[in-house]
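Here is a short briefing for a first look at this protein. Begin with the model itself, then read the points below by topic.

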Amino acid sequence: MRRIDVIGITLGVFVAGGLAYLLLQLAGLDSTNAGIWSQLFLVAGLIGWLATYLFRAVTQGMTYSQQLKDYKEAVLQKQLDALTPEELAKIQAEIEQEKNN
């Protein structure tokens, strides 16, 4: 993530908190209650984002993990495509022999 992206996200969260505060005041809450509820919304959003991040990290669904997996598969596929039919048949025979043992 670039530095400008982080700055944009930070400003967006700041503006969202301010808008939530103003909307709650317009809905009839006093400034103290509107502040408490807007903070609650922001903290709940942060906890929700953190939960999705942890879920992706545990299930290996992160971008880097997926890119690494795709790269390894592409390398293996390229090596498989480079094999001659005789070499491929030999490898398949070895695999069958291992399955039988």
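The buried residues of helix 1 pack against helix 2 (31–58). Contact here means heavy atoms within 4.5 Å. Helices (H or I, at least four residues) and strands (E, at least two) are DSSP runs, numbered from the N terminus. Buried means under 20% relative accessible area, exposed over 50%, and partly exposed in between, with a 1.4 Å probe and protein chains only.

This is a predicted model, in which local features need pLDDT of at least 70, side-chain atom pairs count only at pLDDT 80 or more, and totals for chains, interfaces and linings use all residues. Residues are numbered from 1 along each chain as its sequence is written, and side-chain values use heavy atoms, with hydrogens and water left out.

**Helix 1 and what follows**
- Gly17, Ala20 and Leu24 are buried in helix 1.

- Ser38 belongs to helix 2.
- Ser38 has a relative accessible area of 7%, so Ser38 is buried.
- Beyond its neighbours within four places in sequence, Ser38 contacts Gly17, Ala20, Tyr21 and Leu24.
- Gln39 also sits in helix 2.
- Gln39 counts as exposed, because its relative accessibility is 53%.
- Gln39 and Leu24 are 15 residues apart along the chain, and their C-alpha atoms are separated by 11 Å.

**Overall build**
- The protein has 4 helices and 0 strands.
- Its radius of gyration is 27 Å, well over the 13 Å that the globule rule gives for 101 residues, so the protein is more spread out than a compact globule.
- The radius is taken over C-alpha atoms, and the rule is 2.2 Å times the number of residues to the power 0.38.
- The C-alpha trace spans about 80 × 35 × 15 Å along its principal axes.

- Of the 101 residues, 8% count as buried.
- The protein exposes about 8800 Å², and carbon and sulfur atoms supply 66% of it.
- Accessible areas come from the Shrake-Rupley method with a 1.4 Å probe; for residues, only the protein chains shown count as cover.
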